[in-house]
Amino acid sequence: MDLIYIHIMYRRAYEPLNNYLKPNKVLVIYGPRRVGKTTLLQNFLKQTELKFKLDSGDNIRTQQILSTGDFNRILAYYEGYELIAIDEAQNISNIGKALKIIVDQIPGIKVIATGSSSFELAGQVGEPLTGRKKTLILYPMSQYELAFEFNKFELNEKLEDYLIFGLYPEVVQSQKRAEKIDIIKEIADSYLLKDILVFERVKSSRLLLDLLKLLSFQVGNEVSFSELSTALGADVKTMQRYIDLLEKAFVITKLGGFSRNLRNEITNKNKYYFFDNGIRNAVIAQFNNLDQRNDIGALWENFMFSERLKYRSYLSIYSNNYFWRTYEGQEIDLVEEREGKIFGYEFKWSNLKKTKPPKNWKITYPESEFQIIHKDNYQDFII
């Protein structure tokens, strides 16, 4: 399916990109595969008045020139341009050093670099571009972005689809259930086979898939490396390394425990959420309708966490994020520490009319705010 067509229909949070471009700085755009990074770049280039050169990290000639570190050759290659755009930049060896040469040596130059495999690109551009870059992360479509196109009533009508099939642009665009399933399964396969399994330290694709399945069933629950290690028959260090790769490849994201006062607050375990519900469901091959599922609580919690993450990112809402749980079982799904305050959020699919926070939370953090996010009020939380 044509991603350009999809992107024209749905405005993305970072459009127009020129709001983020600065002279002699690199605008780095990260994100999972097929969330629309290339389309975002192409749409900007279509309307810019800057004289630009577009390169791809897949191009062998571009790789040869930029990986050399040869000042004269690199500068001659880009002479006369006002904007340089490099798609799939992580495929170029020493790309960070090449970009540093460009922004340091060409007065007024603007540079955009995109990449999907963050464990490759981040490692290459981090140190060389210290103080010389602006980083944006593009996620699958968000409710915040879709609200540019649809009203809240229309979004709510599509809620079940979003919970089951996720929000990748191609999936959102598709009208047929079978097609949605085919697309998200193919995307899930490309995550694992292309972005992670090619990494030199990943030796067991079966172990990685088993780990992902285990995490899929553990959404919303605390997880420890030792428990994962025991369940899968692998050593703890391997579990740590594989989970780190899954995080860097934008498959899952970690949430740690919150504690300030109580000895019985759990802080030695983490929760893991998927960036996209569709990927989570593809891993366990479960695309049944909501009325045929027993995991609606996990689906809802994962959806609300990932949508809130996108919302904070796109609106530059800075916070420290945790879950809260005591050994007695009192819990809050998401704690945001921002603006000098503490905000607690509990995610419940059904509106049970319950408004009181857990007893120990109220006693221990009396100045905190608390809210239950359910299917009747969720849009104010993420749009």
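Which residues does Ile279 touch, not counting residues up to four places away in sequence?

## Nonpolar cores

In this predicted model, Ile279 touches Tyr168, Ile184, Ile187, Ala188, Tyr191, Val251 and Phe274, once residues up to four places away in sequence are set aside. Ile279 belongs to the largest nonpolar core, which holds 110 residues, and together with Leu99, Leu215 and Val251 it touches the most other members. The largest share of this core, 9 residues, is contributed by helix α16, which spans residues 296–314. Another core lies apart from it and consists of 10 residues, including Tyr322, Ile332, Trp361 and Ile372.

## The largest pocket

The largest pocket has a volume of about 350 Å³. Its lining is made up of 15 residues, of which Thr135, Arg312, Ser313, Ser316 and Tyr318 are the closest to the pocket centre. At least two lining residues come from each of β5 (133–137) and α16, and by residue class the lining divides into 9 nonpolar, 4 polar and 2 charged.

Asn270 is found in strand β7, which covers residues 270–274. Because its relative accessibility is 18%, Asn270 counts as buried, the cut-off for that class being under 20%. Its side chain makes a polar contact, at 3.5 Å, with the side chain of Tyr272. Leaving aside neighbours within four places in sequence, Asn270 is also in contact with Asn221, Glu222, Val223, Lys254, Leu255, Gly256 and Phe323.

Technical notes. Residues are numbered from 1 along each chain as its sequence is written. This is a predicted model: local features need pLDDT of at least 70, side-chain atom pairs count only at pLDDT 80 or more; totals for chains, interfaces and linings use all residues. Side-chain values use heavy atoms; hydrogens and water are left out. Helices (H or I, at least four residues) and strands (E, at least two) are DSSP runs, numbered from the N terminus. Buried means under 20% relative accessible area, exposed over 50%, partly exposed in between (1.4 Å probe, protein chains only). A polar contact is a pair of N or O atoms within 3.5 Å; within protein, one must be able to donate a hydrogen and the other to accept it, and residues adjacent in sequence count only if both atoms are side-chain atoms. Contact means heavy atoms within 4.5 Å. A nonpolar core is a set of buried Ala, Val, Leu, Ile, Met, Phe, Trp, Tyr and Cys residues joined through side-chain atoms within 4.5 Å. On a 1 Å grid over the protein atoms alone, a cavity is a set of points where a 1.4 Å probe fits but cannot get out, and a pocket is an open set with protein on both sides within 12 Å along at least five of seven lines; lining residues have an atom within 4 Å of a point. Grid points are joined across faces, edges and corners, and a volume is the space filled by probe spheres set on the points. Ala, Val, Leu, Ile, Met, Phe, Trp, Tyr, Cys and Pro count as nonpolar, Asp, Glu, Lys and Arg as charged, and the others, Gly among them, as polar.
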